Amino acid sequence: MSTPDERDGVVTRDAVPAWRRPELGLALTVLGLGVFVIVGTAGVTAAASTLGLGPRFFPLLVGSAMILIGVCYVLDVLRGGHGDPEESEDVDAAAPADWRGVGLVSVIFLLFAGLLDLLGWVVAAALLFFGLALALGARERLRAAAVAVVLSVATYLAFVKGLGVTLPAGLLDGVI
Amino acid sequence: MRMRRLAVLAAVIAAVSACGSGSDTGAAANALRIMAPAAPGGGWDQTSRTAEQAIKSVDPARKVEVFNVPGAGGTIGLAQLAGDKGDGGLLMTMGLVMVGAVEQNKSQVTLAEVTPIARLTEEYEIVVVPAESPFQTLNDLVAAWKADPAKVSVAGGSAGGTDHIVAGLMAKAAGVDPKQVNYIAHSGGGEALNALLGNKVSIGISGIGEFAEHVKSGKLRSLGITAPARVPGLESPTLKEGGLDVELANWRGFVAPPGLDDAARKNLTDLVTKMHDGQAWKDAVAKNGWIDSFQTGQPFADFLAAEQSRVKGIIAEMGLVS
Amino acid sequence: MDSLTLLLDGFATALTPVNLLYALLGVTLGTLVGVLPGIGPAMTVALLLPITFNVPPASAFIMFAGIYYGGMYGGSTTSILLNTPGESSSMITALEGNKMARRGRAAQALATAAIGSFVAGTIATALLVVAAPLVVDFAISFGPEDYFALAILAFTAVSSVLSRSVVRGLASLGLGLVIGLVGIDQQTGQARLTLGVPQLLDGIDVVIVAVGLFALGEALYVASRLRHAPPEVVPVGRAWMGRPDWARSWRPWLRGTALGFPFGALPGGGAEIPTFLSYAVEKRLAKGPAKEEYGKGAIEGVAGPEAANNASAAGTLVPLLTLGLPTSATAAIMLAAFQQYGLQPGPQLFDHNPALVWGMVASLFIGNTMLLVLNLPLAPVWARVLRVPRPYLYAGIVLFAALGVYALNNSWVDLVVLYLLGLLGFAMRRFGLPVAPAVIGLILGPMAEIQLRRALAIGAGDVSTLVASPVAAVLLALAALALLTPLLRRLFAR
């Protein structure tokens with residue numbers, strides 16, 4: 001849904017045109033979710049509890065509402081309406097979207113999710129922190145690495161040894 | 001370039017850790033892990049952690065560790081257990097609720113695959129009405145139920161859980177279609193208790209422990225318990241005395257991963273038996289108000305199989321599985 | 001008078017050095033776990049239960065009470081500073097609190113949260129002493145139809161104040177409702193929208209959604225448009241609440257307390273609804289420049305919900321102690337703790353174990369004071385967290401978010417769900433969809449559905465049961481009013 005806009009010809013004065021199409025994507029997602037809810041719960045059986053409302057009533061309600069809202073949203077976007085991107089101190093609202101940054105953060109996080117059980121918390125979390133800090137623009141790598149290791153070891157000790165929360169030990173099983 | 005640094009770092013850490021873990025294999029042979037297939041705080045978690053303490057007290061040298069794998073009535077933990085084939089150092093706490101959850105969630109892994117080890121405790125269920133209720137005895141309830149099942153709202157725990165199964169069995173015994181039971185699921189005994197104290201529902205079903213105090217104080221009235229005989233300290237007839245042939249114990253026990261050889265199975269059974277005979281376990285059972293129903297070996301395996309077919313039957317009759 | 005002497009005895013119990021130490025341990029632990037999403041007071045008490053087996057009951061409960069209150073403080077600190085709500089009850093705090101922090105008013109936001117929590121906690125504990133039996137009678141008379149009406153009221157009150165663009169606000173609300181549908185239907189045990197993934201059978205935890213939308217969504221958003229110019233340093237600003245801050249805070253504190261306490265006592269009321277309502281009320285009541293500040297960091301929007309949150313914690317203890325009726329996850333675990341000591345909360349508890357009960361009540365006052373004393377001087381220190389270089393700050397937020405979410409179920413599936421929700425949060429930020437309605441829809445949607453179906457099932461399908469109780473009728477009327485007021489106002493304005 002996040003393909004960059006190619007229709008550079010359409011320019012309105014107040015809006016940045018490149019947003020139009022991606023926002024339409026979100027609006028269509030809302031619409032699509034409405035359909036998904038209705039279709040997805042169509043097969044739910046309501047054999048038990050014959051009284052009152054079965055398990056399909058509420059999804060039907062939510063799904064229909066979502067379709068209605070989705071249609072309005074799509075129309076709104078097509079007619080030129082657009083939401084204001086959230087303002088934040090750390091965000092340069094005028095900057096063009098940096099898909100490389102988003103992609104990098106995504107890859108690092110998903111790798112972390114996939115490798116956590118194998119590597120264990122200490123290693124995986126340190127790599128997560130280190131990778132994210134670099135992806136988000138940290139310049140001093142050694143410092144980032146040091147902070148990463150300290151943070152991951154400290155959290156492991158505090159929550160696993162201190163509180164008995166279960167986190168995977170992974171590679172360091174038996175060492176820590 | 002960044003990525004290469006990252007890879008180097010990963011390799012170094014991996015190498016260091018590999019050295020470390022190599023030195024630790026000797027101690028692991030004696031270690032026992034107990035899986036509580038529920039979040040901390042629930043019954044299975046409590047049983048697991050109590051067992052952890054009790055095993056440590058009879059076998060101080062052994063390293064025992066409890067870990068939680070919550071979700072979907074324990075079937076997520078069950079699936080994980082089935083994946084650890086042949087692991088002789090792993091036990092999973094489970095009980096009647098899991099038998100129902102396996103059916104209802106159409107779990108890929110069933111309890112037929114795992115290695116039964118022991119049944120530990122059980123608790124009976126109690127059927128109560130609010131003090132203001134017109135139902136004085138079980139007969140009053142049965143009469144009203146037969147007249148119009150919709151008018152009798154039954155409060156209890158989650159759909160398909162022990163309380164719901166009792167409701168289904170009672171309806172069946174009373175000659176009411178189990179599908180017609182107007183069961184109002186609550187997220188635990190506390191919520192159901194509130195509905196009863198507020199006189200919002202006709203009857204309530206839960207573990208004896210949840211309601212006993214309020215039966216004693218007179219806020220609730222017991223119509224019957226699912227035990228084979230009366231329970232000391234509680235003034236209540238059994239359902240059987242009242243004419244409904246329903247007997248059900250909400251039991252808890254241990255199972256081990258599939259594919260255990262006889263030696264490993266005996267090893268675990270001996271350990272659990274030793275724990276059961278120790279003073280720490282006896283104290284904990286008394287303290288928590290559990291009923292000791294220890295059973296191991298073939299009798300427990302048979303019991304587990306029988307419970308599976310019984311629960312499967314009633315859940316289908318209640319229309320809970322399609 | 002009688003309660004007073006007993007309470008004084010309770011203070012005598014709680015003020016012994018050993019018990020003071022347990023209280024300190026409790027509030028410290030509570031604050032620590034409150035900071036982490038996912039690991040909340042309920043889980044902490046559960047994990048500590050077996051360890052406290054040999055601790056005398058009075059001391060153990062003094063510690064548990066400290067954990068409970070400490071968790072509330074910790075949750076708001078991360079909400080304000082990092083936009084990462086540690087508990088679902090401090091999500092609303094993040095809305096204005098984090099905005100305040102980013103404008104250099106972190107110390108004030110933390111202070112109003114801490115003092116508000118103290119005021120609310122103290123008043124509510126006093127109410128617990130005085131009004132317990134009355135509150136209990138009221139709470140018990142609440143039926144499903146009343147809860148349904150309550151959910152509808154909270155829905156309308158909140159959604160009518162939250163969004164500028166109606167269609168975007170509703171779209172966000174709908175997204176929350178859809179997420180809330182995932183999982184096993186509680187009434188019939190049928191799976192809905194789980195796509196065959198067993199980990200989704202229990203639904204998507206509120207904490208994962210909140211953390212995904214708030215924290216991870218923010219990190220992705222920041223990554224997408226990183227400020228390449230040297231970042232402006234967030235000013236730490238004045239270290240203490242100024243006169244106008246006090247003037248704007250005290251009324252929301254009291255109103256928040258008034259909302260929070262009764263909701264805590266209601267089974268199913270919880271801490272979330274009063275914080276939503278408090279936010280809605282404060283926004284409605286705001287006038288002049290304060291009104292303009294909403295969405296940019298209005299102090300009322302922190303003071304009110306934080307007070308409501310803490311007052312509801314005290315309210316929870318009312319039905320727990322007097323009836324043995326747990327109304328929140330933490331209360332349920334505390335009930336288990338009582339039973340571990342062979343004690344059954346209920347009317348008899350006050351007669352048989354006065355030292356324990358009143359010691360615990362007294363320790364609530366003490367723990368609350370301790371938290372204030374600990375946290376107030378720390379507010380400016382905490383505020384400096386915001387001066388951590390941005391790459392480290394966001395990497396750290398994601399690390400803690402991942403830790404908390406993983407610890408919920410020890411499952412990597414949750415991490416993937418977290419990521420997907422983070423993407424959604426990113427898209428919502430980028431296209432100006434407000435995040436708060438989604439979270440509210442997620443919490444209130446399932447509650448509205450369950451209570452509606454329960455009410456209808458108990459009434460054997462008769463729709464009129466929904467307005468049969470006076471409480472429900474009044475609440476629904478209020479809800480209609482909340483919907484109609486903006487329309488009427490617009491009419492009159494013309």
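Contact means that heavy atoms lie within 4.5 Å. By this criterion, residues 24 or more positions apart account for 59% of the contacts in chain A with a separation of 6 or more. The model is predicted, and local features need pLDDT of at least 70, side-chain atom pairs count only at pLDDT 80 or more, and totals for chains, interfaces and linings use all residues. Residues are numbered from 1 along each chain as its sequence is written, and side-chain values use heavy atoms, with hydrogens and water left out.

**Chain A**

- Chain A contains 5 helices and 0 strands, where helices (H or I, at least four residues) and strands (E, at least two) are DSSP runs numbered from the N terminus.
- Of the 176 residues in chain A, 45% are buried (under 20% relative accessible area, with a 1.4 Å probe and protein chains only).
- An unreviewed UniProt entry annotates residues 24–45, 57–78, 107–135 and 142–159 of chain A as "transmembrane region"; such annotations may be inferred rather than shown by experiment.
- Residues 24–45 of chain A are 77% helix and 0% strand, with end C-alpha atoms 35 Å apart.
- Residues 57–78 of chain A are 100% helix and 0% strand, with end C-alpha atoms 32 Å apart.

**Helices 9 and 10 of chain C**

- Helix 9 (residues 243–265) and helix 10 (residues 272–285) of chain C pack at an angle of about 150°, with their axes 9 Å apart; axes are lines fitted to C-alpha atoms over the stretch in contact, and angles run from 0 to 180 degrees between N-to-C directions.
- Helix 9 of chain C is therefore roughly antiparallel to helix 10 of chain C (an angle over 145 degrees).
- Residues making the contact include Pro252(C) and Phe263(C) of helix 9 of chain C, and Ile273(C) and Leu285(C) of helix 10 of chain C.

Key
Chains lettered and ligands numbered in written order. Parallel < 35°, antiparallel > 145°, perpendicular 65-115°, else oblique. Buried < 20%, exposed > 50% of the residue type's maximum accessible area, 1.4 Å probe, protein only.
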